[in-house]
Amino acid sequence: MKKNQIAVFIVVLLLAVVFLFPIYLAVLMSVKTAKQTFDSFYALPSSFDLSNYWHAWETSKFPIAISNSLIITSLSVILIVLVSALAGYSIARRNKPFYNIIFLLFLSGMMIPFQVTMLPLYKLGKNLHMLDTHWGIILIYGGFGVQTGVLFYTAFIRQISKEIEEAAKIDGCSTPGIFMRIIIPLLKPVTATVVVLNALYIWNDFLLPLLYLQDNSYRTIPLQQYFFFGQYSSDLNLAFAYAVMGMIPVIAFFLVMQKFIIKGIAAGAVKG
């Protein structure tokens with residue numbers, strides 16, 4: 001190996017260690033007892049205690065929490081993809097001032113921090129009876145997600161040759177037919193990117209569920225994990241066991257979808 005290749009390998013290895021260390025720590029803490037944690041925080045335990053997973057499953061109502069996370073994440077992502085794809089196609093194929101203004105409005109939403117909108121969103125949710133409901137938080141996630149989604153889809157669709165659509169029109173295909181039969185199959189890379197980025201964010205989000213989901217029956221995994229830490233005491237081992245169980249679905253999803261991420265980001269980020 002050349003010197004520059006060795007240097008790159010060392011840098012990548014160090015970065016891998018940095019990013020994988022929190023996962024190692026979470027798994028390590030999840031198989032320790034409280035005494036083993038107190039004696040040595042980072043050392044491997046003399047024996048592995050898997051009972052933490054069972055206790056975390058029982059005490060935290062894990063099946064309810066994971067079902068809430070699955071419902072909210074999946075429906076939010078579906079909403080984001082549908083709205084973003086339709087809006088992105090309309091903006092990319094029509095160079096009229098009205099559509100350019102709409103595009104700028106979508107982009108301007110990315111510049112507003114969530115902290116600025118927290119209080120108005122909470123008041124709006126309370127007035128519309130959206131608190132402690134799945135559909136209320138799904139609409140909010142959809143509203144935030146379409147901002148970047150429209151950007152990705154618009155940039156990606158602008159790279160698709162218009163001649164394909166013109167040929168389909170000559171053959172008698174309508175605009176909805178062109179979108180469904182020609183455009184959608186070509187959107188797989190960017191769709192995978194939008195799905196992965198939003199699914200990871202929504203699954204791991206804590207602040208918005210904390211504002212909107214106070215009822216036990218609607219809490220997501222990050223929110224339910226928060227209640228392992230009381231005012232005067234906390235159970236780190238159960239909390240980490242719970243965190244590991246919550247990470248398994250999203251890590252598996254990421255591994256399945258990762259081959260589309262780089263391709264989709266590279267294609268969607270090209271300026272049209």
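**Helix H9 and its two neighbours**

User: Which residues of H8 meet H9?
Analyst: From H8, Ile164, Glu165, Ala168 and Lys169 meet Ile178, Ile182 and Ile183 of H9. Contact means heavy atoms within 4.5 Å. Helices are DSSP runs (H or I, at least four residues), numbered from the N terminus.

User: How many of those are charged?
Analyst: The H8 contact with H9 has 2 charged residues, 5 nonpolar and no polar. Asp, Glu, Lys and Arg count as charged; Ala, Val, Leu, Ile, Met, Phe, Trp, Tyr, Cys and Pro as nonpolar; the others, Gly among them, as polar.

User: What is this model, and what counts?
Analyst: It is a predicted model: local features need pLDDT of at least 70, side-chain atom pairs count only at pLDDT 80 or more, and totals for chains, interfaces and linings use all residues. Residues are numbered from 1 along each chain, and side-chain values use heavy atoms, without hydrogens and water.

User: At what angle do H8 and H9 pack?
Analyst: About 135°, with the axes of H8 (residues 162-170) and H9 11 Å apart. Axes are lines fitted to C-alpha atoms over the stretch in contact, and angles run from 0 to 180 degrees between N-to-C directions.

User: Switching to H4. How does H4 cross H9?
Analyst: The axes of H4 (residues 62-93) and H9 (residues 175-186) come within 12 Å and cross at roughly 115°. That makes H4 roughly perpendicular to H9 (65 to 115 degrees).

User: Which residues make that contact?
Analyst: Ala85, Leu86 and Tyr89 of H4, with Thr175, Ile178, Phe179 and Ile183 of H9. By class, 6 are nonpolar, 1 is polar and none is charged.

Definitions and conventions. Angles under 35 degrees count as roughly parallel, over 145 as roughly antiparallel, 65 to 115 as roughly perpendicular and the rest as oblique.
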